[in-house]
Structures are given as C-alpha cells and as structure tokens.
Amino acid sequence: MNEDSDGILVQRCREGDSRAFAALLGRYEKPVFNAALRMLRNPEDARDVAQTVFLKAYEHLADYDPKYRFYSWIYRIALNESINVLNGRKRLVPIAGDEVDERRGADDDVESEQVSHRVQAALMTIKPEYRAVIVLKHFLDMSYEDIGEILELPEKTVKSRLFTGRQLLKDALQTSGIL
Amino acid sequence: MINEKYLELIQAEVDGELPDQDRAELSRFMLANPDAHAVRDELKCLCSTLEQVRPAEPPPELRASILAAVRVPAPAVGSRSPRSFQSQSGALRYAAAFAGGLIVSAIAFQVASDRGSALDVSDVAGTMVSQDPVSRSRPVDSVHVSLDQVSGTVSLFRSSSMRVVDFDLAAREPVEVVVVHDGQEARFSGFAQSGGAAAQRYALVLDGPGLEGAPIEIRFLTAGAVIHNESLKVPPSNRQ
C-alpha cells in the first residue's frame with residue numbers, strides 16, 4: 001500500500017507536483033532523520049544529512065528507477081550521506097557536545113533516555129558497515145531483503161553482518177553495564 | 001560451539017524471518033543443544049534493549065527548510081537582491097535573498113492559523129499529508145506580546161545553520177511586522193484576527209552562516225507608526 005502510493009507520489013513529483021514531494025517528505029522525514037542520527041550520533045549532523053538526502057532525492061527523481069522501492073532508494077542515500085560525514089570526521093578534531101539530543105523525542109522517561117544514550121554510545125563503537133545493518137534492522141524495521149536492496153548486498157552478507165554487528169554491540173553494551 | 005548455519009537460523013527466528021521449511025530443523029537442533037538457548041536468549045535480550053530506544057523527533061524547521069530549498073532555490077552567496085519586501089498574496093508570502101553573505105536566504109511562509117498550538121512548520125503552504133506536531137520542540141528564545149492591537153508569542157527555533165521565527169499572533173486591527181536582522185529587513189501583515197475568521201500565521205526562516213550574535217529585532221506597526229519593539233537573541237551554539 002505504502003509502496004504503491006510512494007510510486008504514485010514520485011510520479012506526481014516528476015510531473016511537477018510539489019505537494020507530492022511534500023507528502024513524501026512528511027512520510028520519510030522522521031525515519032531518514034533517525035537513520036542519520038543513529039549513524040552519526042550528532043543531531044545537527046543528522047539534520048544536515050536529512051536535508052541533503054531530500055534535496056538530492058528531489059534533484060535526482062528523474063534517475064530513480066521505480067522497479068526499486070522508494071524507501072530503499074532514499075534510505076540508501078541517507079546511509080551513504082551519513083558515511084560521507086563519518087569519513088569527513090576522520091580528518092577533523094572531535095566536536096564538543098557531539099551527543100544525541102533526545103529531548104525532542106518521546107523520552108520523558110529518564111531510564112529510557114539513559115538506555116538510548118548508552119545504546120547510541122555503543123553503536124558508535126562499531127564499524128559503520130555493521131552499524132548500518134543494525135540501524136536498518138532495529139530502527140527502521142527493515143527486512144533482510146530490504147537491507148540487501150538498500151545496501152546493495154546479498155542477503156547472506158546482510159545476515160552475516162547483522163550477526164557480527166549484534167555481537168559487537170552486545171559486547172559494548174555489556175561493557176557499559178546495560179546488558 | 002554452534003554451527004554457523006544454526007546461528008543464522010536462530011537469528012532468523014528472533015527476527016521473525018525464519019522460513020517455514022527451516023522451522024522443524026531448528027526445533028530439533030534446539031532440543032538437542034541446550035547451549036543454543038543461551039544464544040537465543042542473549043539475542044532476544046539485545047533486541048529488547050534496542051526496542052527501548054525511541055525515535056527522535058526531527059528538528060521543527062527541517063521540513064520547512066527542505067521545502068524552501070526546493071521551491072525557492074537559494075541564490076549564490078553575495079548575489080544582489082532587494083533589501084525590503086512587502087508581503088504578497090499566495091501561500092508563499094515572502095522570499096528574499098540578502099546580499100552580504102550573512103543571511104543566505106530568508107523565507108517567510110504563511111502557515112495554518114491555529115493560535116495557541118506549538119509551531120508546526122509542516123503546515124507550510126498547507127501541503128503536508130502526514131504531520132507530526134512538534135509540540136516538544138523548545139524555542140531558544142521567545143517573547144510575549146500583549147498590546148491592545150496585537151497579542152501572542154514570537155518564538156525562535158534553531159538548528160545548526162538555520163533559524164525559524166514563529167509568529168503566533170492575533171491582531172485586533174491591521175498590524176504590520178518588520179523583522180530586522182543584521183541590517184536586513186522583512187515585512188509582513190495579515191495575522192489571525194482575534195475572535196474573527198482565521199487568517200495567517202507566519203514562520204520566518206533565516207538560513208546561512210553567522211546568524212549568531214546579531215539580535216533579531218521585531219517592530220510592530222499600525223498605520224505606519226511603530227507601536228512596539230521586541231528582540232530575540234540567538235544563544236551561542238555548543239559547536240565549534
């Protein structure tokens with residue numbers, strides 16, 4: 001249902017209907033922002049990535065191949081942009097205050113906020129290729145098949161990376177005392 | 001040591017992606033290998049922990065900034081453009097590009113007139129389908145106005161390079177608002193009428209580097225005369 005309506009919206013976008021783009025933005029703004037946030041930790045970087053993702057998507061809508069699911073395409077852009085930011089960080093000094101700001105979320109509960117904070121910290125200890133599959137699986141609720149399409153990987157590799165990534169994440173969470 | 005094949009099946013089961021044809025085989029394996037239960041339990045525990053991480057809300061101005069960039073391409077820094085604009089008819093009330101590089105672009109939108117609610121810039125131009133009110137977003141500065149002619153709140157939201165000024169005002173008579181920032185000026189009017197039919201609510205987007213420091217001056221005018229002044233300040237960011 002969603003995929004079909006995505007396709008219709010994309011078609012309308014291509015025909016110049018700005019409302020259709022706004023509808024796609026409304027649908028995917030939050031998952032794209034969250035994917036970037038979990039990849040990068042820093043909410044301001046995540047915001048910039050989300051903005052870049054939608055502007056690139058808009059600019060390259062003509063290149064979008066409708067045989068793929070729209071969300072696969074836009075999440076792929078989001079992860080690639082996030083990885084670009086991560087690569088850029090390697091050349092920079094760490095930024096002060098580079099932490100997830102959960103205040104805007106539904107995390108009024110202090111315990112949940114602490115869990116979020118520690119999970120995010122643990123995520124940052126694992127390599128981006130493992131982090132990406134975990135983000136897609138756990139925070140965007142993607143299937144193995146979806147993840148394979150988004151990352152352009154065979155399903156076998158997706159499962160393998162997910163397993164390894166989870167082991168590394170579990171170790172990190174055990175170290176931080178959350179598991 | 002558990003065979004890789006069965007680790008994969010255990011993982012698939014936890015993820016709800018175990019093919020039916022593998023289910024019986026995994027059951028037999030689990031019965032014969034009690035150690036495998038610990039692996040499955042650990043994986044379930046990890047998944048349960050990750051489920052506690054709730055999605056974060058995107059910054060309130062993100063949607064507006066994207067729509068603004070799509071509809072009104074940002075001009076090159078340093079391009080010349082008018083320094084003052086009157087509001088126009090139509091959904092896009094104001095679009096301006098300022099010279100000098102401090103403000104790359106500034107755009108004010110007509111948004112839904114829903115006085116008293118938090119800023120939801122997804123209302124910009126009334127085009128959004130799925131809207132997430134940003135009631136939890138916190139302004140970095142705000143002022144309350146309570147005059148005979150106009151009352152309400154003006155709030156400043158921010159992200160890394162962008163500021164959104166939300167004008168949640170109701171007027172009892174025609175009131176014009178002039179926003180001045182770093183020598184640049186924007187004007188608009190037509191706010192919601194107190195006790196009357198809905199009119200406009202505005203969000204002014206300031207985009208570009210160097211927004212910190214200079215205050216955002218707000219002047220309220222009736223019949224061309226200034227009746228009130230306010231100022232919003234952009235606190236320094238934590239980032240370098």
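Me: Two residues are in contact if their C-beta atoms, placed from the backbone, lie within 7 Å. With that rule, which elements do the buried residues of α5(A) pack against?

Reply: The model is predicted, with local features requiring pLDDT of at least 70 and side-chain atom pairs pLDDT 80 or more, whereas totals for chains, interfaces and linings use all residues. Residues are numbered from 1 along each chain as its sequence is written, and chains are lettered from A and ligands numbered from 1 in the order written. The buried residues of α5(A) pack against α2 (18-40), α6 (128-139) and α8 of chain A, together with α3 (35-51) of chain B.

Me: What makes up chain A, in helices and strands?

Reply: Chain A contains 8 helices and 0 strands, where helices (H or I, at least four residues) and strands (E, at least two) are DSSP runs numbered from the N terminus. Its elements follow the order α-α-α-α-α-α-α-α from the N terminus. Of the contacts in chain A between residues at least 6 apart in sequence, 67% join residues at least 24 apart.

Me: Why is V32(A) called buried?

Reply: A residue is buried if 20 or more other C-beta atoms lie within 10 Å of its own, exposed if 12 or fewer, and partly exposed in between. V32(A) has 29 other C-beta atoms within 10 Å, so V32(A) is buried. V32(A) belongs to helix α2 of chain A and touches A50(A), V53(A), I74(A) and A78(A), residues up to four places away in sequence being left out. A50(A) lies 18 residues from V32(A) along the chain, yet their C-alpha atoms are separated by 6.0 Å. In chain A as a whole, 44% of the 179 residues are buried.

Me: Why do S27(B) and E152(A) count as exposed?

Reply: S27(B), in helix α2 (residues 20-32) of chain B, has 12 C-beta neighbours inside 10 Å and therefore counts as exposed. E152(A), in the loop between α7 and α8 of chain A, has 9 such neighbours inside 10 Å and therefore also counts as exposed. Phi of E152(A) is near 55 degrees, a positive value in a residue other than glycine. Most residues other than glycine have a negative phi.

Me: How do you know that the buried residues of α5(A) line one face of the helix?

Reply: The buried residues are V115(A), S116(A), V119(A), A122(A) and L123(A). Seen down the axis of α5(A), they fall within an arc of 130 degrees, so they line one face; the arc is that of the directions from the helix axis to the C-beta atoms.

Me: What makes the span of α5(A) close to the expected one?

Reply: The expected span is 1.5 Å times one less than the number of residues. Helix α5 (residues 110-123) of chain A has 14 residues and reaches 20 Å from its first C-alpha to its last, close to the 20 Å expected.

Me: Why are α7(A) and α8(A) called roughly perpendicular?

Reply: Helix α7 (residues 144-151) and helix α8 (residues 155-175) of chain A pack at about 105 degrees, with axes 9 Å apart. Angles of 65 to 115 degrees count as roughly perpendicular, and these two helices are therefore described in that way. Where they meet, Y144(A), E145(A), I147(A) and G148(A) of α7(A) face E155(A), V158(A) and K159(A) of α8(A) in contact.

Definitions and conventions. Axes are lines fitted to C-alpha atoms, for helices over the stretch in contact, and angles run from 0 to 180 degrees between N-to-C directions. Angles under 35 degrees count as roughly parallel, over 145 as roughly antiparallel, 65 to 115 as roughly perpendicular and the rest as oblique.
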